[in-house]
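The following exercises examine one protein model step by step. Each task is followed by a worked solution.

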Amino acid sequence: GHAMQSSLLQLPHLSYDYSFRIRDIACGIKAGGKPVLCPFSGSVQVCKDTLDEHVFLHRHNGQAVVIMSERTINYAPSDQIWVFPESEVLITSEIRPKGDVDFSRTLVRVVQHFEAVQDYLNTPERTIMLAESAMGHIGHYIWNIISGWSPLFEMVDPESLDIITTYNNCHFFGGVSALYQKECEQAGKVVKLNTDLDLFRLMLEHKSTLYSVRNCHVSEDLAGRIVRFCDTQVAADFKNAVRRFCDSDGPILMITLRTGNRSWETQTEGYIQIINALAQHYPNLRVIIDGLNAAADGTSTALPMSVQDEEAIATAIIAGCPNVQIWNSIGCSIFESLLLCCHCDAFIAPIGAGLAKVRWIANKPGVGFSNRTFLAPDHLNGYLYSYFRENQVPMRYIGREHIRDMDDGPSGMKDRANFDVDWTVIYDEIRHIVENIRDARLRPD
């Protein structure tokens, strides 16, 4: 498989920017079918048939195997489940221990659309369909859903694609059709869907080999596209107001609020102390309060949390820092929020999806902290935002020895426990970052 990828894609090297999943899709497009190791012949062959999103059917001399690519949003590998219908054998990896559940979902759809599936399988010609999956979580959308399109279009000519699908909702920043407008115009056509069942039916109708684009690495190209798109969605008055607010020789600090779970219990008092202490050293300090945004469809990006609670905290912080100019961005649009992230110099934030904006897109330095479980040395999600981004600027973390968990988390989920930390520990870390920023500004070119 690796040899086939190297010869077909003619890459100078297989860098981390090109995940196995993206290379697998690119090979499938160029070879006329997904490369698979045929279990019946022992050779690498191409598979043109798909039974659903992430589900391929390989046929060889009257035998068949269903091959399922990993659908979990935390991963972007390729094949994880193999089903041999005739012998009633299912092989799955440790990543997907419940592969029978995924296969059952596909089986139900096939039975419900049996005649259409038969017609599909009896038709040898295939069109090529690329799908942008629906995702209402901003962190996973940036990390896993939209991140694969830039490297894919580096390897594949958009004109070789017959159909690109996206959804009318459950995406951010306009989706692939807006962020990659030129490339989508070069493809055969773009179809906007409402549900994944629509995608399944469209695949059968157009006799398509369906590839679902997934990845786990944010490129500079993608970050730039998102920033430029957001700029087109924000009113000129807002942009002018941001420029005036940031027109200062002092540092611009973004602080992020979080309520509900993994929240800093004394964040109101703590942020007030940190801001006032910083203002003593940097009289022209500006502060942006970040938190929940209104999504493009008017809903919150984190429904269990409360915009009203964050508004109350923001109001208290502003009242407690009367000598500091503070911008309250709670409840603003995701587009406005992203532009504010780009204007800040550094951030303080509890670890969560909001860091996708300031880390993976704006690429800013700052201080992150959370509960003791999240800050364990081997906890991937706790340190997620220090990785998976091209040319990533380093950030700092509060050591877990400074953290006190205040509960066991909802339903005993300790990784969602609320916590407390002494504000002076955070202050020492952010002061170091701000001082480095100031030194860089004062350093002659």
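A crossing of two helices is left-handed if the near helix is turned anticlockwise from the far one by less than a right angle, and right-handed if clockwise. The model is predicted: local features need pLDDT of at least 70, side-chain atom pairs count only at pLDDT 80 or more, and totals for chains, interfaces and linings use all residues. Residues are numbered from 1 along each chain as its sequence is written, and side-chain values use heavy atoms, with hydrogens and water left out.

**Exercise 1. Describe how helix H11 and helix H14 cross, and state which residues make the contact.**

Solution. Helices (H or I, at least four residues) and strands (E, at least two) are DSSP runs, numbered from the N terminus. Axes are lines fitted to C-alpha atoms, for helices over the stretch in contact, and angles run from 0 to 180 degrees between N-to-C directions.

Step 1. The axes of H11 (residues 236-246) and H14 (residues 334-343) cross at roughly 25 degrees and come within 11 Å. The two helices are therefore roughly parallel to each other; angles under 35 degrees count as roughly parallel, over 145 as roughly antiparallel, 65 to 115 as roughly perpendicular and the rest as oblique.

Step 2. The crossing of H11 and H14 is right-handed.

Step 3. Phe238, Lys239, Val242 and Cys246 of H11 make the contact (heavy atoms within 4.5 Å) with Glu336, Leu339, Leu340 and His343 of H14.

Step 4. By class, this contact of H11 with H14 has five nonpolar, two charged and one polar residue. Ala, Val, Leu, Ile, Met, Phe, Trp, Tyr, Cys and Pro count as nonpolar, Asp, Glu, Lys and Arg as charged, and the others, Gly among them, as polar.

**Exercise 2. Give the order of the six strands in the open sheet, and name its edge strands.**

Solution. Two strands pair if DSSP finds at least two bridges between them.

Step 1. The order is E14-E13-E12-E15-E16-E17, and the pairing is parallel.

Step 2. The edge strands are E14 (325-328) and E17 (396-397), each of which pairs on one side only.

Step 3. Within this order, strand E12 (residues 252-256) and strand E15 (residues 346-350) run parallel and are joined by three bridges. Ile255 stands opposite Ile348 in E15.

Step 4. Helix H13 (residues 307-320) lies across E12, E13 and E14, running at about 170 degrees to E14.

**Exercise 3. Trace the pairing of strands E5, E6 and E7.**

Solution.

Step 1. E5 (residues 63-69) pairs with E6 (residues 79-84) in the antiparallel sense over four bridges. In this pair, Val66 stands opposite Val83 of E6.

Step 2. E6 and E7 (residues 89-92) also run antiparallel, joined by four bridges. The bridge partner of Val83 in E7 is Leu90.

Step 3. Four residues lie between the strands in the hairpin of E6 and E7, where Glu88 takes a positive phi near 55 degrees.

**Exercise 4. Is Ser177 buried or exposed, and which residues does Ser177 contact?**

Solution.

Step 1. Ser177 is found in helix H7 (residues 176-179).

Step 2. Ser177 has 17% relative accessibility and therefore counts as buried. Buried means under 20% relative accessible area, exposed over 50%, and partly exposed in between (1.4 Å probe, protein chains only).

Step 3. Leaving aside neighbours within four places in sequence, Ser177 is in contact with Thr166, Cys184, Val190 and Lys192.
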